[in-house]
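Subject: Structure for you to look at

Dear colleague,

I am handing over the structure we spoke about, and below it you will find my notes on what was found. Please read them with the model open beside you.

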Amino acid sequence: GKEIFRLERVGLNKFLFSHHVEANTSEFIIVTIHKTAYRRVTLTFNFLDGYPKSLMLHLEIKSRLLPDKLLQKLHKKCEEEVLKPLQQEGKPQAIAAYLFF
């Protein structure tokens with residue numbers, strides 16, 4: 001559990017530019033993604049014990065520029081297409097969720 005989480009955090013850091021990481025602890029990662037001047041989202045990954053076989057405790061998506069309804073749709077789509085299939089296979093989900101956005 002914790003070893004897989006540690007390895008995924010190391011892997012996730014390879015995808016991220018340092019200015020995108022707002023927080024990176026053993027319990028959560030907060031990342032801000034800037035696709036365009038208007039498409040900026042902040043992702044918060046909180047992890048449960050037993051990760052990756054359990055779903056992330058919480059994937060939170062925030063944006064000051066995108067409407068809440070769009071964020072809800074993005075969250076639902078990410079959960080259905082990325083998180084749940086990987087969780088069922090017991091595979092890490094944070095990198096895939098980051099790449100989804």
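The secondary structure of the chain comes to three helices and four strands, and these follow one another along the sequence in the pattern α-β-β-β-β-α-α. Please keep in mind that this is a predicted model, in which the chain averages a pLDDT of 79 and 77% of the residues score at least 70. Confidence is lowest in helix α1, residues 2-15, where the mean is 58, whereas helix α2, residues 68-88, has the highest, at 90.

The strands form an open sheet of four, in the order β1-β2-β3-β4, and their pairing is antiparallel. Because β1 (21-24) and β4 (58-62) stand at the edges with a single partner strand each, one side of each is left without a neighbour in the sheet. On average, and with direction ignored, neighbouring strands of this sheet are turned by 15° against each other. Within the sheet, strand β2 (residues 28-34) and strand β3 (residues 40-46) run antiparallel and are joined by seven bridges; I33, for its part, has V41 in β3 as its bridge partner. Helix α2 packs on the sheet, where it touches β3 and β4, and its direction makes about 145° with that of β4.

Leaving aside residues up to four places away in sequence, T42 touches E22, I30, V31, T32, E60, I61 and K62.

The count of aromatic pairs comes to one. In this pair, the rings of F100 and F101 have their centres 5.0 Å apart and their planes at 85°, and the pair is therefore edge-to-face, the angle being over 60 degrees. The two residues can also be described by their accessibility: F100 counts as partly exposed, at 25% relative accessibility, while F101 is buried, with a relative accessible area of 2%.

For the chain as a whole, 40% of the 101 residues count as buried. Among contacts between residues at least 6 apart in sequence, 41% join residues that are at least 24 apart.

With best wishes

Terms used. Residues numbered from 1 in each chain as written. Predicted model: local features only at pLDDT ≥ 70, side-chain atom pairs only at ≥ 80, totals over all residues. Heavy atoms only, no water. pLDDT = per-residue confidence, 0-100. Helix = DSSP H or I, 4+ residues; strand = E, 2+ residues; numbered from the N terminus. Pairing = 2+ DSSP bridges. Axes fitted to C-alpha atoms, helices over the stretch in contact; angles between N-to-C directions. Contact = heavy atoms within 4.5 Å. Phe/Tyr/Trp six-rings, centres within 6.5 Å; stacked < 30°, edge-to-face > 60°. Buried < 20%, exposed > 50% of the residue type's maximum accessible area, 1.4 Å probe, protein only.
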